[in-house]
Amino acid sequence: MRCVRAIVAGTVAALASPASVATDDAALLKEAQEIFQPLKDMSASGAGAMKDQITLGRLLFFDPRFTVDGNVSCATCHLPALYGADGLSKSIGVQQRPHPRNAPTVLNSGVNIIVHWRGDRESLEDQAIKALGSPITNGQPDIGAVLDRLERIPGYAPLFRAAFPGDAAPLNAGNVANAISAYERSLVTPAPFDIYLAGNVDALSPSARSGLETFIKIGYPTDLYVFRVPSLRNVAMTAPYFHDGSVATLREAVSVMARVQLGLKLSEDEVNDITSFLESLTGKLPSEFATAPVLPPAAVISARH
Ligand code: HEC
């Protein structure tokens with residue numbers, strides 16, 4: 001049996017039967033509520049050490065100074081201005097090194113079940129530590145060199161101590177990953193679709209509701225090629241699409257997915273409606289992401305090669 005899955009809030013729900021099509025607004029809402037979960041704030045608690053971890057993680061996310069050329073930060077490829085993606089079909093890393101894949105958004109990455117296009121990262125922490133050790137995203141010979149850079153920026157040591165009060169030597173690789181992940185988990189973007197799921201039918205336009213109905217009816221999306229289905233949150237803001245960035249517009253992505261995955265040729269109206277529905281998943285950027293933080297000052301860092 002073909003496994004049809006839908007991932008929206010990072011929640012996978014099996015669709016019982018694609019044939020059970022909602023016929024009116026109340027029935028559609030009920031059906032949607034059974035399939036999708038509204039977005040929840042995953043940042044465990046915004047208090048105490050967790051708050052300090054988020055603050056520190058934000059600085060690390062935006063700080064380019066610990067990559068090999070001092071020129072690339074996480075925010076270089078996950079740009080706030082582009083909703084946490086980079087607008088390129090494939091990313092470009094330190095020293096202009098090409099990345100083989102398109103950068104997915106970091107927004108709502110805390111609710112993703114699996115991380116990376118191929119699902120080859122176990123958790124955000126695992127992702128962050130591997131990004132720090134990557135020749136493309138960081139370029140340093142090893143994590144020791146990353147820590148060395150951070151130690152030379154005096155403002156960081158007290159921030160690590162505050163964020164990880166139990167640790168004797170808190171400025172370590174694991175905690176860099178922990179802080180960045182805590183920050184990423186705070187990057188949630190509730191959208192009109194969540195208001196709809198809470199019971200306000202008018203939060204979605206008639207076209208978006210019709211698109212939602214078609215979306216449910218056709219069991220959209222199934223697996224994206226052999227790659228995992230990325231969260232559809234903010235998908236309208238994160239072109240180009242697919243792991244290789246080969247599709248430029250959301251409308252085209254909707255048509256391609258229907259054709260390739262489902263063998264369906266959608267009508268123009270259906271494409272428009274599904275696109276309207278997907279647009280209702282665009283949330284508000286968290287203010288702690290929309291603006292860049294002021295980083296702790298440091299002496300000039302000369303790039304190692
Ligand atoms: C050179 C550009 C680049 C830089 C720099 C970069 N990333 Fe990424 N990021 C990517 C690409 C490309 C992917 C997709 C990789 C894949 O799936 O194989 C990705 C994937 C991710 C994901 C997984 C998202 C998902 O939904 O699966 C997270 C989280 C992430 N990056 C966070 C970070 C953090 C944190 C940093 C900084 C430590 C960072 N990235 C630096 C390009 C970059």
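Reader: How many helices and strands does the secondary structure of the chain come to?

Author: This is a predicted model. Along the sequence the pattern runs β-β-α-α-α-α-α-α-α-α-α-α-α-α. The secondary structure comes to twelve helices and two strands.

Reader: What share of the contacts with a separation of 6 or more lies between residues 24 or more positions apart?

Author: The chain has 305 residues, and 42% of them count as buried. Among contacts with a separation of 6 or more, the share from residues 24 or more positions apart is 70%.

Reader: Which helix gives the most to the shell around the ligand?

Author: The ligand has 28 residues around it, and Cys-74, Cys-77, Gly-93, His-116 and Trp-117 come nearest. By class, the shell holds 16 nonpolar, ten polar and two charged residues. Helix 3 (74-77), helix 4 (124-132) and helix 7 (173-185) each supply at least two residues. The top contributor, with five residues, is helix 4.

Reader: Why does Met-257 count as buried?

Author: Met-257 is found in helix 10. The buried residues of that helix are Leu-250, Ala-253, Val-254, Ser-255, Met-257 and Ala-258. A residue needs 20 or more C-beta neighbours within 10 Å to be buried. Met-257 counts as buried because its C-beta neighbours inside 10 Å number 23.

Reader: How far apart in space are Met-257 and Phe-242, C-alpha to C-alpha?

Author: In sequence, Met-257 and Phe-242 are 15 residues apart. In space, their C-alpha atoms are separated by 9.8 Å.

Reader: Which residues in helix 11 do Leu-250, Arg-251, Val-254 and Ser-255 meet?

Author: Helix 11 (268-279) is part of what covers the buried residues of helix 10. An α-helix has 3.6 residues a turn, so residues three or four places apart point the same way. From helix 10, Leu-250, Arg-251, Val-254 and Ser-255 take part, and their partners in helix 11 are Val-271, Ile-274, Thr-275 and Leu-278.

Reader: Is the crossing of helix 10 and helix 11 left-handed or right-handed?

Author: The residues of this contact divide into five nonpolar, two polar and one charged. The two helices pack at an angle of about 115°, with axes 9 Å apart. Their crossing is right-handed.

Methods: Residues numbered from 1 in each chain as written. Predicted model: local features only at pLDDT ≥ 70, side-chain atom pairs only at ≥ 80, totals over all residues. Buried ≥ 20, exposed ≤ 12 C-beta atoms within 10 Å, placed from the backbone. Helix = DSSP H or I, 4+ residues; strand = E, 2+ residues; numbered from the N terminus. Contact = placed C-beta atoms within 7 Å. Near = placed C-beta within 6 Å. Nonpolar A, V, L, I, M, F, W, Y, C, P; charged D, E, K, R; others polar. Axes fitted to C-alpha atoms, helices over the stretch in contact; angles between N-to-C directions. Left-handed = near helix turned anticlockwise from the far one by under 90°.
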